[in-house]
Amino acid sequence: MPEKVLMKGNEAAAEAAILAGCRHFFGYPITPQTEIAAHMSNRMPKIGGIYLQAESEIGAINMVLGASAAGVRTMTSSSSPGISLKAESLSYLAGSDLPAVLVNIQRAGPGLGGIQPSQADYWQATRSSGHGDYKMLVFAPSTVQEMVDLVVDAFYLSDKYRMPAMILSDGLLGQMMEPVVFDESKVKKAPEKPWATCGHGDKREHNIITSLFIDPYDLDAVVKARYERYEHIKENEQRYEEYCTKDADIIVVSYGASARIVRSAVDAARKEGIKAGMIRPISVWPFPDKPILSKINDVKAFLCVEMSMGQMVDDVRLAVNGKKDVKFFGHTGGVVPTPSEVLEEIKKINRGA
Amino acid sequence: MNTNLLLAGFGGQGILFTGKVAAYAGMLDGKEVSWLPSYGPEMRGGTANCSVCVSESPIGSPLVTAPDVLVAMNHPSLEKFEKTVVPNGLIILDSSIVKDEVKRKDVRVVYLQATRLASDNGLMGLASMVMIGRLYKETGFCSEASLFEGIKRSVPVRKQSLMDKNIEAAKIGIKSGE
Amino acid sequence: MKFEKPKALTDMPFHYCPGCSHGIVHRLIAEVIDELGIEGRTVGVAPVGCAVFAYNYFSCDMVQSPHGRAQAVATGIKRANPENMVFTYQGDGDLAAIGTAETIHAAARGENMTVIFINNAIYGMTGGQMAPTTLIGQVTQTSPYGRDPKTAGYPMKVCELLSTLDGVALAQRVSVDTVKNVKEAKKAIKKAFEYQMEGKGYTIVEILCVCPTNWGLSMKDSLKWLRGTLMPNYPVGVVKDTGAKCKSKVKEVK
């Protein structure tokens with residue numbers, strides 16, 4: 001049994017990438033994710049890996065693009081303003097069918113915003129990280145252990161589906177320490193990458209990695225084929241946790257750090273005799289609409305809790321499709337909701353307000 | 001037993017390290033633990049604080065807004081956090097630095113001259129370890145063995161030479177409560 | 001001697017305009033790859049610009065980069081597989097405008113790769129706008145009254161700029177307007193690749209090229225303008241060469 005250690009979410013994300021076989025990390029400092037880069041700069045030289053501090057987030061993500069094209073497991077990380085800078089190449093990665101893992105330790109926006117935890121990049125991650133029709137796999141850990149597990153899985157799934165995967169976390173998870181275990185047996189090996197541009201060695205035709213399809217009909221076909229893959233992913237890769245939902249009248253939908261607060265609020269509501277439960281999306285793209293659909297007839301209402309002005313609530317409403325009321329509660333700007341605030345919202349719904 | 005700790009003081013007093021020791025100790029006792037620092041520009045030479053939860057059940061918010069125990073090692077920390085402590089909670093003050101008294105009557109207060117005790121014993125800079133020794137003595141949030149093991153696990157490799165001194169300081173804290 | 005297509009070029013016909021220098025430069029690179037016998041381990045990075053389809057023309061593995069990011073992409077490729085020979089092929093907009101940061105920092109890091117820089121003092125693919133290398137007074141679509149340094153600044157001399165950086169092993173400017181200069185250009189490209197093989201660091205070959213279409217000149221006048229106007233502003237020769245000992249710093253090629 002591997003040893004349990006106490007580690008920051010940021011450090012754990014970095015160490016998990018190493019566990020997953022990532023030996024090429026390209027970074028740039030920004031609060032509150034800098035420990036990822038710092039950890040990589042410490043570890044990579046010791047294990048024959050590459051830590052390279054790029055000239056910018058743009059430089060870093062394009063180095064990732066190059067390393068991914070070359071066929072290796074590679075990662076970069078940043079926090080919200082830096083992710084905006086990486087947007088361009090996220091689109092190129094997706095458009096070139098390249099795998100890569102990206103960590104966003106979200107902070108408050110817009111603009112320079114603040115440095116405290118936030119979940120206001122949900123739309124960016126799930127809708128429009130860059131230009132064009134494409135999706136990324138997006139996973140949202142709620143504990144430091146889950147950060148480790150999801151980073152490991154993100155490498156595997158990103159390779160499997162040849163698309164970028166993002167860990168959508170926040171400053172709370174990034175900065176906090178919890179006990180974690182690094183279990184090597186959970187790592188799945190990278191598949192063969194016959195498409196990689198690593199030199200054809202006079203053994204095959206030349207490989208080309210490109211996102212350019214100048215004929216509109218060609219591009220139409222390429223994107224449509226990609227969307228078939230996305231449909232397959234929606235069907236097969238939804239991840240979520242249900243908590244006290246079996247008999248729940250009120251289901252709170254919450255992810256990442258805010259789901260921790262919601263769990264406490266659900267416990268408190270149960271103590272007061274209110275049948276509250278929680279659905280916690282672990283994959284936010286694909287969004288887990290299955291558990292919501294399965295509960296839709298049994299609940300009075302849904303409540304979405306986020307550290308934003310309400311972004312995931314759109315996906316909840318799309319899933320619910322007008323059949324039940326979907327309320328929202330959140331704080332933004334770096335304010336973390338408290339369990340008592342969430343409890344109050346649950347009570348309001350319970351009273352029929 | 002669930003304990004929500006808030007440790008606060010100046011940067012450089014070892015606040016974050018002490019919190020880590022507490023979290024490690026809880027973990028070694030088989031409990032759920034979390035540690036969350038304040039971060040950002042305020043860390044640069046200003047005040048430092050961290051939240052530590054030690055719990056029998058999974059931890060919700062790691063941000064301690066209503067601590068069971070406040071460990072305050074400077075005046076601004078007492079001023080800022082005194083009011084947040086739960087009724088019947090505990091405040092442990094380094095009274096060699098904090099000259100004011102706690103105004104609240106519904107909390108238990110320990111005045112401990114941690115900085116002086118540390119320096120009297122040739123353990124300059126280890127007042128926070130004296131504090132955690134006393135914290136253990138007052139609350140029993142962890143076992144004694146886990147406290148010492150927590151110190152061992154938390155001391156970084158490059159500071160291994162200071163290990164014994166850290167433990168010695170914690171023992172002074174424990175003794176002060178006997 | 002039988003004139004043959006280099007092996008490192010595919011059978012795909014070039015899409016370039018009549019008179020354009022890209023075809024010559026592609027061929028020179030391919031010849032060098034053939035002569036060094038490195039096609040199997042070479043990875044090229046195509047830019048955004050006229051040469052975006054370079055990935056169809058070279059027989060080695062190719063990656064198409066976002067605009068300006070070629071050298072960051074190449075960095076990733078090279079760091080992943082240092083045994084690969086990695087080159088980027090970039091125009092003046094790609095390399096010296098949108099990709100300036102990537103260029104300067106790849107050079108500063110001394111990334112062991114080769115940069116082929118096409119300088120024709122204009123944006124080609126978008127139809128003839130002002131480039132960072134556009135000359136003072138030069139008329140383009142976006143400098144219709146001629147480039148005025150008071151509002152549009154001065155042309156960038158990329159090789160001279162990069163030569164101040166310790167990571168740069170070779171910075172040489174060449175031209176492909178005459179047979180003699182074409183030969184000189186090929187020598188420079190070969191040297192750059194050889195330096196990369198030897199792990200010497202960052203190498204850049206800046207190549208003065210014509211763009212008859214966007215210059216609005218005949219082929220003959222284009223060559224005349226290149227020699228009479230462009231070349232005096234961008235003198236050809238070795239700007240920096242860490243491999244050359246006791247040689248004059250700038251060698252003028254007449």
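Ile208(A) stands opposite Met62(C) in β2(C). Two bridges join β9(A) to strand β2 (residues 61-64) of chain C, and the strands run parallel; strands count as paired if DSSP finds at least two bridges between them. Helices (H or I, at least four residues) and strands (E, at least two) are DSSP runs, numbered from the N terminus.

A word on conventions: this is a predicted model, in which local features need pLDDT of at least 70, side-chain atom pairs count only at pLDDT 80 or more, and totals for chains, interfaces and linings use all residues. Residues are numbered from 1 along each chain as its sequence is written, while chains are lettered from A and ligands numbered from 1 in the order in which they are written.

## The side of chain A that touches chain C

In all, 35 residues of chain A are in contact with 29 residues of chain C, contact meaning C-beta atoms, placed from the backbone, within 7 Å. Elements of chain A that each supply at least two residues to this side include β2 (24-27), β3 (50-53) and α4 (80-95). The most comes from α3(A), with nine residues.

## Chain C as a whole

Chain C has ten helices and seven strands. Its radius of gyration, 17 Å, is close to the 18 Å that the globule rule gives for 254 residues, so chain C is as compact as a globular protein of that length. The radius is taken over C-alpha atoms, and the rule is 2.2 Å times the number of residues to the power 0.38. Along its principal axes, the C-alpha trace of chain C spans about 50 × 40 × 35 Å.

Definitions and conventions: Contact = placed C-beta atoms within 7 Å.
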